[in-house]
Amino acid sequence: MKKMMYMAATAAAALAIAGCGSDDGSDGTTAAAGETSVSDAWARVTTPTQTTGAAYMTIESPGGDTLTAASVPSSVAGEAQLHEATGEEPMDSGGSMDSTAPMGSGEGMMGMREVDHVVIPADGTLTLEPGGYHIMLLDLVKPIEPGATIPVTLELEKAGEIEVDATAEE
Ligand SMILES: [Cu+2]
């Protein structure tokens, strides 16, 4: 009898501790203040001969964050990479050469490189746009047609995975 009462008291104490934890609502408040949102997600329409595409969007993170990776379904492209346009035309030895070259139109003309992360400043908006940071889609399975929707999964250091739908636009 004495032992049973002891067990009951222990259970009550455990419940009290659990109740105390759930009463503390500060966790939810903190998460809301730092909530990350993505807007204006779009992907550039590609021609049937293009094997690469690009996706752009605006990522807002009031508390700051770091974009570490992006991915798309294998039905869309073989790989997605974070790229930064360098703003230079590599090997440019004079504009006259370019007009005769059928390759390298559009964004392909610009220098760009893969980056392994992009920092979102603490105040905090990151805009992925033509001529800047972008999500490069490599080995396209099929052309990106106007109005198509490309599901893009972003990986952020703090916010975790965020999935957005990028609408194909010219
Ligand atoms: Cu690129």
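This is a predicted model: local features need pLDDT of at least 70, side-chain atom pairs count only at pLDDT 80 or more; totals for chains, interfaces and linings use all residues.
Which strand is Asp139 found in? Asp139 sits in strand S8, which covers residues 133–140.

1. Numbering starts from 1 along each chain as its sequence is written. Strands (E, at least two residues) and helices (H or I, at least four residues) are DSSP runs, numbered from the N terminus.

2. Back to Asp139. Its phi is positive, about 55 degrees, although Asp139 is not a glycine. Most residues other than glycine have a negative phi, and most peptide bonds are trans. Asp139 counts as exposed because it has 12 C-beta neighbours inside 10 Å. (For the cut-offs: buried is 20 or more other C-beta atoms within 10 Å of the residue's own, exposed is 12 or fewer, and partly exposed is in between, with C-beta atoms placed from the backbone.)

3. Asp40 is not a glycine either, yet has a positive phi of about 55 degrees. You'll find Asp40 in strand S1, residues 37–44. With 14 C-beta neighbours inside 10 Å, Asp40 comes out as partly exposed.

4. The peptide bond to check is the one from Asp123 to Gly124: it is cis, with omega near -20 degrees. Gly124 belongs to strand S7, which spans residues 124–128.

5. Now for how the strands pair (DSSP has to find at least two bridges between them). Strand S2, residues 53–61, pairs with S1 in the antiparallel sense over 5 bridges. Ser37 stands opposite Glu60 in S2. S2 also pairs with S7, again antiparallel and over 5 bridges, and there Ile59 faces Leu126 of S7. S2 and S8 run antiparallel as well, joined by 3 bridges; Ala54 has Met136 in S8 as its bridge partner.

6. Last stop, Glu157. This residue lies in the loop between strand S9 (149–156) and strand S10 (160–169). Glu157 is partly exposed, since 14 other C-beta atoms lie within 10 Å. What does Glu157 touch, not counting residues up to four places away in sequence? Asp65, Thr66 and Thr68, where contact means that the C-beta atoms, placed from the backbone, lie within 7 Å. Leu67 is 90 residues from Glu157 along the chain, but their C-alpha atoms are separated by 6.5 Å.

Methods
Two residues are in contact if their C-beta atoms, placed from the backbone, lie within 7 Å.
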